[in-house]
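This report goes through side-chain geometry in one protein chain. Please keep the structure open while reading.

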Amino acid sequence: VGGEWSHELFSANGLGGCDMSNTVEPSKDGRYIVCTVSGPLTKTMAVAFTKEMDSLSRELHIKRFLTDVRDAQNVLSVLENYDYAYTEMEEMNLQRDVRSAILIAPSDESHSFASTVIRNVGYDVRVFREEAEAIAWLNE
């Protein structure tokens, strides 16, 4: 693995023409995949980086994800979060045997509902405010 694989996604998010960026790559030790997101988190971008993470996971046989959204507030409505979890994730045919940690900023509650509905559809996902705790859980 060696951290050689890296992919950056860029897309207009529809909010004043600002761009949001994501980087998806294996961790330095190769035990989990890291997705770092910055800018307002839209459904289009969530679908794009989720597909990228799933693809890399299948390619490298890594079943752990760390999604760092400390610099990305979830701007989806309740309905859009629900649709993402119950419709979009199903249509992407994602692996169910993965563990996913979402790393959020200390004062950001915008990802709470999304993580709840994703967990409700059967994915092993937890929200963390401390990176070391998220990594420890991924490595259990």
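The sections below cover a histidine, a helix, aromatic pairs and salt bridges.

## Model and a buried histidine

The model is predicted. His111 lies in the loop that runs between strand E5 (99–103) and helix H3 (112–120). Its relative accessible area is 5%, so His111 is buried. The His111 side chain makes a polar contact of 3.3 Å with the side chain of Asp108.

Beyond the neighbours within four places in sequence, His111 is in contact with Leu41, Val69, Ala72, Gln73, Asn74 and Ile104.

## Helix H1

Helix H1 covers residues 43–60, which is 18 residues. From first C-alpha to last, H1 reaches 26 Å, close to the 26 Å expected at 1.5 Å a residue. Its buried residues include Met45, Val47, Phe49, Met53 and Leu56.

After H1 comes His61, with a positive phi near 60°.

## Aromatic pairs

The structure has 2 aromatic pairs. In one, the ring centres of Tyr82 and Tyr86 are 4.4 Å apart and the planes meet at 25°, so this pair is stacked. Both residues sit in helix H2 (residues 78–91), 4 residues apart, so about one helical turn separates them. An α-helix has 3.6 residues a turn, so residues three or four places apart point the same way. Tyr82 is partly exposed at 41% relative accessibility. Tyr86 is partly exposed too, at 36%.

Phe128 and Trp137 form a tilted pair, 5.6 Å centre to centre with 45° between the planes. Phe128 and Trp137 are buried.

## Salt bridges

How many salt bridges does the whole structure hold? A search finds 10. One of them joins the side chains of Arg70 and Glu131, at 3.5 Å from N to O. This pair links distant parts of the chain: Arg70 is in strand E4 (residues 64–71) and Glu131 in helix H4 (residues 131–138), 61 residues apart. Arg70 is partly exposed at 34%, and Glu131 is partly exposed at 33%.

Arg96 and Glu90 form another salt bridge, at 3.2 Å. Arg96 is partly exposed, at 40% relative accessibility. Glu109 and Arg129 also pair, at 2.3 Å from N to O. Glu109 is in the loop between E5 and H3, and Arg129 in the loop between strand E6 (124–128) and H4, so the bridge ties together parts 20 residues apart in sequence. Arg129 is partly exposed, with a relative accessible area of 34%. Finally, salt bridges with shared partners join Lys43, Asp83 and Glu88 into one network.

Key: Residues are numbered from 1 along each chain as its sequence is written. This is a predicted model: local features need pLDDT of at least 70, side-chain atom pairs count only at pLDDT 80 or more; totals for chains, interfaces and linings use all residues. Side-chain values use heavy atoms; hydrogens and water are left out. Helices (H or I, at least four residues) and strands (E, at least two) are DSSP runs, numbered from the N terminus. Buried means under 20% relative accessible area, exposed over 50%, partly exposed in between (1.4 Å probe, protein chains only). A polar contact is a pair of N or O atoms within 3.5 Å; within protein, one must be able to donate a hydrogen and the other to accept it, and residues adjacent in sequence count only if both atoms are side-chain atoms. Contact means heavy atoms within 4.5 Å. Rings of Phe, Tyr and Trp (its six-membered ring) pair if their centres lie within 6.5 Å; planes under 30 degrees apart count as stacked, over 60 as edge-to-face and the rest as tilted. The expected span of a helix is 1.5 Å times one less than its number of residues. A salt bridge is a side-chain nitrogen of Lys or Arg within 4 Å of a carboxyl oxygen of Asp or Glu.
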